[in-house]
Structures are given as C-alpha cells and as structure tokens.
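Welcome! Here is a short briefing to read with the sequence and the 3D view open beside you. Take a look at the picture first, then follow the points below.

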Amino acid sequence: VTIGTFVAPLEHAFHWRRAEIYSFSIVYAFAGILLAPPVGMLLDRWGIRRVALPGAVLTGLAIALFSTLNGSIAYWLACWLFLASASQLVMTTVWVPAVAHHFHAGRKLALAATTAGIGLSTLIAPNLANVLIERFGWRLAYLIMCLGWGGLVALVGFFHQVGGDQDRHAKLAADVLKVLPQVNPRPGIQVGAGLVQNQQIRPFEQAFGQFHAPPHPAAELAD
C-alpha cells in the first residue's frame with residue numbers, strides 16, 4: 001500500500017520508467033494465487049502461531065531488502081517475489097481464525113474490526129511512509145518500516161498467545177472427557193416405530209449438538 005510514495009524516489013535514483021516499477025504487480029499476483037492454498041494447509045497442520053510468527057519476521061526482512069536496491073529491475077522483482085511469498089503468511093486468512101477463537105460474544109463485530117484494519121492501514125501507511133522518506137530518505141524509510149511492522153507484529157505475537165492453535169482432535173477429546181461422568185455406564189435402548197436407538201449417546205448430543213447416533217432397524221438387531 002506504500003508503493004506509490006516510493007515511485008518518485010526510485011525514478012530519481014535509478015531512472016526507471018513507471019511501467020518497470022509497477023511490473024511487480026504481476027509477480028505479486030501470481031505469488032498470491034499459487035501460495036494461498038499451501039498456506040491454508042500449513043495453518044491446518046501447524047497452527048496459527050507457528051505460521052504467523054515466522055511470517056512476520058520474513059515480511060520484515062523482505063521490506064528491509066528494498067533498502068538494498070541497486071538499479072537492477074531483476075533484483076527489484078526478486079525482492080517483490082520474496083515479499084509476496086512472506087506476506088502470504090500474515091494475510092487475513094491467518095488472523096481471522098485467531099480472532100474467531102478469542103471472541104465468542106461479539107465475534108462478528110471483532111471480525112469486522114479486523115477487516116476494517118486493512119482500510120485503516122491503507123489510509124495511514126502511505127502518509128507515514130511519505131513522512132519517513134522526506135526526513136530520512138527512501139532507503140532508511142524501508143528499514144524503519146521493517147522494524148515497525150515486522151518487529152512489532154513478531155513481538156506482540158511472541159509474548160501474546162495466538163488463539164486457534166489447539167489441535168481440533170485433542171480439543172474434542174478433552175471436551176468428551178468432561179462429559180463422560182454424565183454418561184450412564186449401562187447402555188439403554190429405546191424401541192419405537194421399529195427403530196432402536198442407543199440412549200447412552202444422549203449426553204453427548206446435549207453437550208455438542210452434532211453427535212447423533214444413527215438409528216438401527218430393530219429387525220437387524222434381533223438377528
């Protein structure tokens with residue numbers, strides 16, 4: 001979102017054409033298309049924290065690399081490829097599950113506030129980058145943005161427990177164990193309309209809502 005503020009300094013420093021500068025958008029788009037599904041798989045396998053923390057650090061390093069630009073368009077595109085790849089680890093697909101895990105009451109409002117942060121950053125980041133460029137130059141501005149974004153997000157994520165990392169199967173097993181004392185150890189059956197249904201599963205149905213023991217025809221059990 002800050003690329004527009006860096007166009008003029010880069011044109012002046014390397015005499016690039018604007019078409020060459022904005023050629024990064026193709027690299028960024030293809031990286032997002034190809035890497036978004038694998039990142040989703042990593043979230044399911046490793047959890048949010050193990051994806052978000054390295055992603056914040058790598059994104060900060062990718063921003064810092066722009067301070068080393070040397071006039072090569074190939075190097076410019078390589079930096080954007082690195083940034084596009086790293087930023088996939090800190091997209092909304094990473095933060096939305098964490099917010100949804102933390103908030104139970106007012107969850108929709110919390111998710112709305114999270115997505116609203118994207119618009120807020122679009123408003124603030126370019127103006128902040130412009131101030132940094134005017135005071136410190138574009139190379140140092142990239143370094144400051146690296147520390148301010150990647151470093152701050154990584155520190156907050158390191159010292160704050162990111163929600164949604166619990167293994168789904170382990171969490172479900174723990175919830176089942178809490179309900180087990182309520183289960184009648186003697187299995188009971190109820191016969192009605194030619195169907196037999198296990199009544200022992202009823203506490204689970206009351207606790208979780210999605211556990212339904214399939215009814216079995218009484219004739220099959222009689223056999």
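Predicted model: local features only at pLDDT ≥ 70, side-chain atom pairs only at ≥ 80, totals over all residues.

Residues are numbered from 1 along each chain as its sequence is written, and side-chain values use heavy atoms, with hydrogens and water left out.

**Ser 67 and its surroundings**

- You can find Ser 67 in the loop between helix H4 (48–65) and H5; helices (H or I, at least four residues) and strands (E, at least two) are DSSP runs, numbered from the N terminus.
- Not counting residues up to four places away in sequence, Ser 67 touches Arg 139, Tyr 142 and Leu 143, where contact means heavy atoms within 4.5 Å.

**The whole chain**

- The protein chain has eleven helices and three strands.
- Along the sequence, their order is α-α-α-α-α-α-α-α-α-β-β-α-β-α.
- Of the 223 residues in the protein chain, 30% are buried.
- Among contacts between residues at least 6 apart in sequence, 66% join residues at least 24 apart.
- The accessible surface of the protein chain is about 14000 Å², and 67% of this surface belongs to carbon and sulfur atoms. Accessible areas come from the Shrake-Rupley method with a 1.4 Å probe, and for residues only the protein chains shown count as cover.

**Helices H3 and H5**

- Two packed helices are described by the angle between their axes and the distance between the axes.
- Helix H3 (residues 24–46) and helix H5 (residues 73–87) have axes that come within 9 Å and cross at roughly 30°. Axes are lines fitted to C-alpha atoms, for helices over the stretch in contact, and angles run from 0 to 180 degrees between N-to-C directions.
- That angle makes H3 roughly parallel to H5. Angles under 35 degrees count as roughly parallel, over 145 as roughly antiparallel, 65 to 115 as roughly perpendicular and the rest as oblique.
- H3 passes H5 in a right-handed crossing; a crossing is left-handed if the near helix is turned anticlockwise from the far one by less than a right angle, and right-handed if clockwise.
- The residues of H3 in this contact include Phe 24, Val 27 and Tyr 28, and those of H5 include Trp 76, Leu 77 and Trp 80.
- By class, the contact of H3 with H5 has ten nonpolar, two polar and no charged residues. Ala, Val, Leu, Ile, Met, Phe, Trp, Tyr, Cys and Pro count as nonpolar, Asp, Glu, Lys and Arg as charged, and the others, Gly among them, as polar.
- Gly 32 sits in helix H3 and is buried, at a relative accessible area of 18%.
- The C-alpha atoms of Gly 32 and Ser 87 are separated by 8.9 Å, although these residues are 55 residues apart along the chain.

**Helices H4 and H6**

- The axes of H4 and H6 come within 10 Å and cross at roughly 135°.
- This makes H4 oblique to H6, and their crossing is left-handed.
- Ile 48, Val 51 and Ala 52 of H4 meet Val 94, Trp 95, Pro 97 and Ala 98 of H6.
- The contact of H4 with H6 has seven nonpolar, no polar and no charged residues.
- Val 94 belongs to helix H6 (residues 92–102) and is buried, with a relative accessible area of 0%.
- Leaving aside neighbours within four places in sequence, the contacts of Val 94 include Leu 43, Gln 88 and Leu 89.

**The start of the chain**

- Helix H1 (residues 3–14) and helix H7 (residues 107–136) pack at an angle of about 30°, with their axes 8 Å apart, which makes H1 roughly parallel to H7.
- Thr 2, in the segment before H1, counts as buried at 12% relative accessibility.
- His 15 lies in the loop between H1 and helix H2 (18–21) and is exposed, at 68% relative accessible area.
- Most residues other than glycine have a negative phi. His 15 has a positive phi of about 60° although it is not a glycine.

How values were computed: Buried < 20%, exposed > 50% of the residue type's maximum accessible area, 1.4 Å probe, protein only.
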